[in-house]
Amino acid sequence: MSSGPSETGQPGLDALLADISEVDFDALREAEFDQIQGILDLMNGKTIKAATIEEKRIVLETSDGNRYFFYGFMSGGTGN
């Protein structure tokens with residue numbers, strides 16, 4: 001597997017891995033929380049008809065037929 005730029009000009013694996021070291025994970029968590037809070041605020045006054053936990057997301061369906069998807073804070077790991 002090549003780690004240099006691809007034929008399409010996209011950055012290679014090494015470049016992507018270098019970029020991840022600059023990610024502020026606390027800021028990502030805060031942004032995810034803010035997004036979830038905004039969605040929950042939109043649901044104010046609605047009735048949840050169904051809630052489903054899928055492999056990588058939680059799906060809430062309201063009685064008016066709208067579906068809301070939550071991806072944050074899902075983990076494939078085990079433990080605490």
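A salt bridge here is a side-chain nitrogen of Lys or Arg within 4 Å of a carboxyl oxygen of Asp or Glu. Lysine 49 and glutamate 61 meet that rule, N to O at 3.6 Å. Lysine 49 sits in strand β1 and glutamate 61 in strand β2, twelve residues apart.

Some ground rules. This is a predicted model: local features need pLDDT of at least 70, side-chain atom pairs count only at pLDDT 80 or more, and totals for chains, interfaces and linings use all residues. Residues are numbered from 1 along each chain as its sequence is written, and side-chain values use heavy atoms, without hydrogens and water.

Now the strands. Strands are DSSP runs of E, at least two residues, and helices are runs of H or I, at least four, numbered from the N terminus. Strands pair if DSSP finds at least two bridges between them. β1, residues 48–53, runs antiparallel to β2, residues 58–62, with five bridges. Four bridges join β2 to β3, residues 67–70, again antiparallel. Glutamate 61 has arginine 67 as its bridge partner in β3.

Back to salt bridges. There are four by this rule. Lysine 46 and aspartate 64 make one, at 3.4 Å, N to O. Lysine 46 is in the loop between α2 and β1, aspartate 64 in the loop between β2 and β3.

Last, threonine 62. Is threonine 62 buried or exposed? Buried, at 1% relative accessibility; the cut-offs are under 20% for buried, over 50% for exposed, partly exposed in between, with a 1.4 Å probe and protein chains only. Contact means heavy atoms within 4.5 Å. Beyond its neighbours within four places in sequence, threonine 62 contacts residues including Met43, Lys46 and Tyr68.
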